[in-house]
Amino acid sequence: MADFTHYLNDCKFILVSNREPYEHLRGIQGVEVKQPAGGLVTALDPTMRRTHGTWVAWGSGNADREVSDETGRVAVPPGESCYTLRRVWLDEADVNGYYHGFANRALWPLCHMLIQHFEYRTEFWERYRAVNLRFAHAVADEAERCTGRAMAWIQDYHFALAPEFLRAMRPSLFINQFWHIPFPPADILRLLPSGTHEAVLRGLLGNDLLEFQIDRYAVNFLDCVEKFVPESRVDHVHQTVTFRDRVVHVGAFPISIDVDRFEGMASSPESQARVTTLRDRYAKGTRQLGVCVDRIDYTKGIPERIRALETLWAESPELRERFTFIFVCTPSRTDLPAYNALERDVFQSVIAINTQFGTRDWTPIVLINENVDSDLLAAVYRAADLCIVSSLQDGMNLVAKEFVACQVDERGVLLLSRFTGSAEEIEGAVLINPFNVDGFVAAIRTALEMSPDERKRRMRRMRRQLHNSTIFDWLDSILARSAEIMGAQHQPALA
Ligand code: GDG
């Protein structure tokens, strides 16, 4: 694994995210530690171990307080104590307003341009502000504890206001932020009440460097700033904003996955055995197997995908019993009514399709509604003849990249929504518009009928690209760019 510490020199690294890398939970045998399996933690935990920095996050575990000191600090990983986890405490009202409220009911739908789900409440906004301020205080305190320079790297849309608060507390701190989801055009952002959308932009302008997944989102951000922050000066060519006598840099840094890890899981003997079982069961002879994997979220285009499959089996009876679909859809944000309604809707539609087209020996859609372990996921990706990603909007979409990494036999076709960040990066997928039912169905047919040579050619191309653009390349490019900007800030001004 690459070593990124050289970019930091003697600079202390402070990472900020909503979710924590280690959660302490009360279990039958006392306090247990759980590490969430997400890609970000997998990629950043080794870096944090080497840099001995600090990770600031919401202390969400029910035994977190017991093991932390009075400022919320605890050494992690347990038993190794390589770096500090600084927990920020949130009560129920904070979680409801900041997290479920403004972040997930206002910013999430707006950034994905799905405005029918957008909901604004003053209470959400006030909590979001208060929690962002609390995080900024925690980061400022961590920066204060070190003698030399420090760099704060903030993750995501949970913290649009923290950079500005932090800038006011620590003017010379290097602050950057990665925005994982799309950034909307100005006409969408202004659905937030007057004053609020400007505040979000001014908050983000507290950064020295603001990273988006693709250029289109960076362009949207710059357009919004130009329209709503009149005292700023936007340079579209260099993608910078001059604001309060400082220069804010903006750019595209597409996130990726640990490609070797996924490829390794898919190539293991256990995985090979699972692939044989899966193909024997669902894809013997000329039969084919499709797969999809997502959190049950209205941005992922799940009803649209179900509708396309239903139309396909209705219009092409010859495909019944010849094409089976494994649907891995994991529960998500179940505290929010829109997510519960969607989950119910997905179950009902799948049952209806299975009742309509299924036979004694064949179930069209095999629904897996639970968290699947990564090894099994890798085997399912490898076994499939096609994978459908049909997001209505998606910052990047890592499922597309995981499918490509696991396709070691190069037999699968990737059907990819053109509204994902990945579609602007990956070349070799069959692009779809999930809103166009007939086009979507035609694309599934194209994939099913594609020759083995064509499949191999496309998959090989995507795999080559992916190997040159892993999550470590992503991290490398962000830290390199940060180091470059930091270096330039410390050059004496030219006379
Ligand atoms: C946000 C942005 C951006 C899902 N079910 C299981 C499981 N998963 C894993 C997948 C994949 C991840 O969840 C989902 O990642 P995505 O990128 O598809 O989507 P979001 O969660 O919406 O993530 C997105 C991302 O941030 C990173 O910047 O790409 O655009 O919306 O890794 O594999 N993993 C396992 N079992 C499951 O059942 N093991």
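This is a predicted model: local features need pLDDT of at least 70, side-chain atom pairs count only at pLDDT 80 or more; totals for chains, interfaces and linings use all residues.

1. Helix 12 (residues 302-315) and helix 16 (residues 437-449) have axes that come within 9 Å of each other and cross at roughly 65°, which makes helix 12 roughly perpendicular to helix 16. The crossing of helix 12 past helix 16 is right-handed. On the side of helix 12 the contact involves Glu304, Arg305, Arg307, Ala308, Leu309, Thr311, Leu312 and Glu315, and these meet Val437, Phe440, Val441, Ile444, Arg445 and Leu448 of helix 16. Sorted by class, the contact of helix 12 with helix 16 comprises eight nonpolar, one polar and five charged residues.

2. A second pair is formed by helix 5 (residues 122-144) and helix 6 (residues 162-169), which pack at an angle of about 45° with their axes 8 Å apart, and the two are therefore oblique to each other. Here, too, the crossing is described as right-handed, with helix 5 passing helix 6. Helix 5 contributes Arg129, Asn132, Leu133, Ala136, His137, Val139 and Ala140 to the contact, while helix 6 contributes Ala162, Phe165, Leu166 and Met169. By class, the contact of helix 5 with helix 6 holds eight nonpolar, two polar and one charged residues.

3. Helix 14 (residues 374-383) deserves a separate look, since it is mostly covered, with seven of its 10 residues buried. Those buried in helix 14 are Leu377, Ala378, Ala379, Val380, Tyr381, Arg382 and Ala383, so that a charged residue, Arg382, is listed among them. The elements that cover the buried residues of helix 14 include helix 10 (259-267), helix 11 (269-282), helix 15 (398-406), strand 13 (288-295) and strand 14 (323-330).

4. How many disulfides does the count come to? The count comes to zero disulfides, with sulfur pairs required to lie within 2.5 Å. Cys111 is in no disulfide, and the nearest cysteine sulfur, that of Cys224, is 9.3 Å away. Cys111 counts as buried because its relative accessibility is 1%, where the cut-off for buried is under 20%.

Terms used
Residues are numbered from 1 along each chain as its sequence is written. Side-chain values use heavy atoms; hydrogens and water are left out. Axes are lines fitted to C-alpha atoms, for helices over the stretch in contact, and angles run from 0 to 180 degrees between N-to-C directions. Helices (H or I, at least four residues) and strands (E, at least two) are DSSP runs, numbered from the N terminus. Angles under 35 degrees count as roughly parallel, over 145 as roughly antiparallel, 65 to 115 as roughly perpendicular and the rest as oblique. A crossing is left-handed if the near helix is turned anticlockwise from the far one by less than a right angle, and right-handed if clockwise. Contact means heavy atoms within 4.5 Å. Buried means under 20% relative accessible area, exposed over 50%, partly exposed in between (1.4 Å probe, protein chains only).
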